[in-house]
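Student: I would like to learn how to read salt bridges in a protein model. Could you take me through them?

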Amino acid sequence: MSGGVVGARAASLTFMLGCPSHNGNGHGKLLKRVAPILELMGKKVVHMGGSGAGLAGKLANNYLLAVSNIATAEAMNLGIKLGLDPHQLADLINGSSGQCWSSYVNNPIEGISPGAPVEKGFDGGFAVGLMRKDLGLAMKAARESGAELELAKRAEEVYEHVEDSEGMKDFSVVYRWLERRNVGGTVKRVR
């Protein structure tokens, strides 16, 4: 499943399933019986294919989430350092091509995504250590399948540093880690 603590509280989880859709063992009937139960906890149930396909989908999704979370933190940090109002920047990103779950639902700037972990000092949510674990599993699956993940190693390093300095906070705490690493320069005021 995907959506984390925020999605569980909002009953907006996405479930990805792997099982035969129909064969002599009645798995198609099982899928039809399970989906309505899962829909009580979430907004979407996706049949990904045969056994193991749900896990493959989760690994690919969480790899993208790991990278997009870092990119969201970097983009917000850059815009703020360039003098942009963080709320206007988030409004722009979330209404444009940069919009993603990390910018819209789990934005690392207070006051942008109601209920996001930043509102509670990054407590709760999807812990950095869990993201590191999922990223590691995706990297292992990529090695085993021959898939190239160009950004994986750097993302792994970032999450390792973040966990060392921030502990078991929500993984969106990457923003605070970046902010503390800002060196020199002056805030540019855009006119």
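This is a predicted model: local features need pLDDT of at least 70, side-chain atom pairs count only at pLDDT 80 or more; totals for chains, interfaces and linings use all residues.

Tutor: Happy to! Residues are numbered from 1 along each chain as its sequence is written, and side-chain values use heavy atoms, leaving out hydrogens and water.

Student: What lets two side chains pair in this way?

Tutor: Side chains of opposite charge can pair when their charged atoms come close. Here, Lys140 forms a salt bridge with Glu144, with 2.8 Å between the closest N and O atoms. Both lie in helix H6 (residues 128–145), four residues apart, about one turn of the helix. Helices here are DSSP runs (H or I, at least four residues; strands are E, at least two), numbered from the N terminus.

Student: Is Glu144 buried or exposed?

Tutor: Glu144 is exposed, at 60% relative accessible area, and Lys140 is partly exposed at 42%. Buried means under 20%, exposed over 50%, and partly exposed in between (1.4 Å probe, protein chains only).

Student: Which parts does the pair of Arg180 and Glu166 tie together?

Tutor: Their side chains meet in a salt bridge (2.8 Å, N to O). Arg180 lies in helix H8 and Glu166 in helix H7, so the pair ties together parts that are 14 residues apart in sequence. Arg180 is exposed at 56%, whereas Glu166 is buried at 9%. Salt bridges with shared partners join Glu166, Arg176 and Arg180 into one network.

Key: A salt bridge is a side-chain nitrogen of Lys or Arg within 4 Å of a carboxyl oxygen of Asp or Glu.
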